[in-house]
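Student: I have a new model open and I'd like to learn how to read it. Could you walk me through it feature by feature?

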Amino acid sequence: MKHSFKNLFMVVMILVSLIGSSIQTTPVNALGSLTKVPNLSSPGVAKLSGVWSADANNVFSVGYGSTSMGAAKLPIVYRGSGTNWTYTNFSTSDLPATWGNGEFYAVWGANTSNVFAVGTGGPGTNPTLPMAFRWNGTNWTSYYVPLPTTPVTFEVGFLYGVWGTSASNVYAVGSGNDAAGTNYPIVSHWNGSSWSSIGLALPTNPDWHDAYLRAIWGSSATDIWAAGNGENSGGDIVPVLYHYNGTGWSPATRSLPPGWSNGYLYGIWGSSGNDIYAVGSGTNASDVTVPLGYRYNGSTWTSYTPSLPSTSWESGELMSVWGVDANNIYAV
């Protein structure tokens, strides 16, 4: 069902989520003056977790919601036309057969008639399987995304990021685990008519216990990077990047800054194949969670630690990064 909201002002950014908590947290105003979308209604309880736009008149934001606390979670999409916002809340009949829930985590489009939203869903009330929908300019359609068959027998899978080079070459990344509970990276690929999936081997030397992929970006069909994190054999949580060269995926683990105990990567973007940024957070030598970033210059990834906004701030995380060009890049 589609609903519209009129007389809204120009939107610079969608606030991804508002979560009530007893711990006080503050969003960083990293983009200067922002315009908030007033009274963005929802079918009940809702959360937005991804946004993509073709232009100022075609903005898609995806997430999930439920009619009430405790009810099954279902996908939701907001679309901005420049002046109005509409939302589409899905029902169980929109999901793959026998499914009872679904959640969108990311969205990307080749154009306004080929927009892809990915996440997870499954039978019952607990999401356990990869999920993908495609917008064809008129309707959203669900597609079957198989679990990988190698290097283990996967029992569950989740897709957290999506990106592509065209409407017939789209990649979604995430993670899944086997019966023993070991998590492996998952890459799913859309070829224009169907999805296929592969599981990636864990990094070695030393052997890793598990790994997750959260975001994906590429400069071309033969130069794609996926970012995430995993646990190595020493029990440390360490950032990980996988690179696709057109024929296969290979891992590239990242060292933490001196004295840090763990690190996570949540977002990645580049202005070219020789200028790429991956962002996240980690625990520094003072046992404080602070922003973490890596920059790739075409041959080497170098870590950097962005400062918090002021001395009054105690902690912070970077969840996403995007830019206009090499000199206009924003991490939030």
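**Reading the model, feature by feature**

Tutor: Let's begin with a charged pair: the side chains of D275 and R295 meet in a salt bridge, 2.8 Å from N to O. D275 lies in strand β19 and R295 in strand β20, so the pair ties together parts that are 20 residues apart in sequence. Before we go on, this is a predicted model, in which local features need pLDDT of at least 70 and side-chain atom pairs count only at pLDDT 80 or more, while totals for chains, interfaces and linings use all residues. Residues are numbered from 1 along each chain as its sequence is written, and side-chain values use heavy atoms, with hydrogens and water left out.

Student: What counts as a salt bridge, and how many does the structure hold?

Tutor: Side chains of opposite charge can pair when their charged atoms come close. The cut-off here is a side-chain nitrogen of Lys or Arg within 4 Å of a carboxyl oxygen of Asp or Glu. The structure holds one salt bridge.

Student: How many helices and strands does the protein have?

Tutor: Both are DSSP runs numbered from the N terminus: helices are H or I with at least four residues, strands are E with at least two. The protein has zero helices and 23 strands.

Student: How do I read strand pairing?

Tutor: Strands of a sheet pair through backbone hydrogen bonds, either parallel or antiparallel. Here two strands pair if DSSP finds at least two bridges between them. Take the open sheet of four strands in the order β10-β11-β12-β13, where the pairing is antiparallel. β10 (156-166) and β13 (195-199) stand at the edges with a single partner strand each, so one side of each is left without a neighbour in the sheet. From one strand to the next, the twist averages 20 degrees, using axes that are lines fitted to C-alpha atoms (for helices, over the stretch in contact) and angles from 0 to 180 degrees between N-to-C directions.

Student: Where does β7 sit, and what covers its two faces?

Tutor: In a regular strand the side chains alternate between the two faces of the sheet. In β7 (residues 114-122), nine of the nine residues are buried, so β7 is largely enclosed by the rest of the structure. One side carries N114, F116, V118, T120 and G122, the other V115, A117, G119 and G121, and all of these are buried.

Student: Which strands pair with β7?

Tutor: β6 (residues 101-111) is joined to β7 by nine bridges, running antiparallel, and N101 stands opposite G122. The β6 and β7 hairpin has two residues between its strands. Seven bridges join β7 to β8 (residues 129-135), again antiparallel, with F116 opposite R134. The β7 and β8 hairpin has six residues between its strands, and G124 in the turn has a positive phi of about 70 degrees.

Student: Which residues other than glycine have a positive phi?

Tutor: One is T98, at about 80 degrees, in the loop between β5 (85-89) and β6. With 68% relative accessibility, T98 counts as exposed. Another is D287, with phi near 60 degrees, in the loop between β19 (275-283) and β20 (289-296). D287 counts as exposed too, at 62%.

Student: Where is there a cis peptide bond?

Tutor: Look at T150 and P151: a cis peptide bond joins them, with omega about 0 degrees. P151 is found in the loop between β9 (140-143) and β10.

Student: Last one: how far apart in sequence are the contacts?

Tutor: Contact means heavy atoms within 4.5 Å. Among contacts between residues at least 6 apart in sequence, 49% join residues at least 24 apart.

How values were computed:
Buried < 20%, exposed > 50% of the residue type's maximum accessible area, 1.4 Å probe, protein only.
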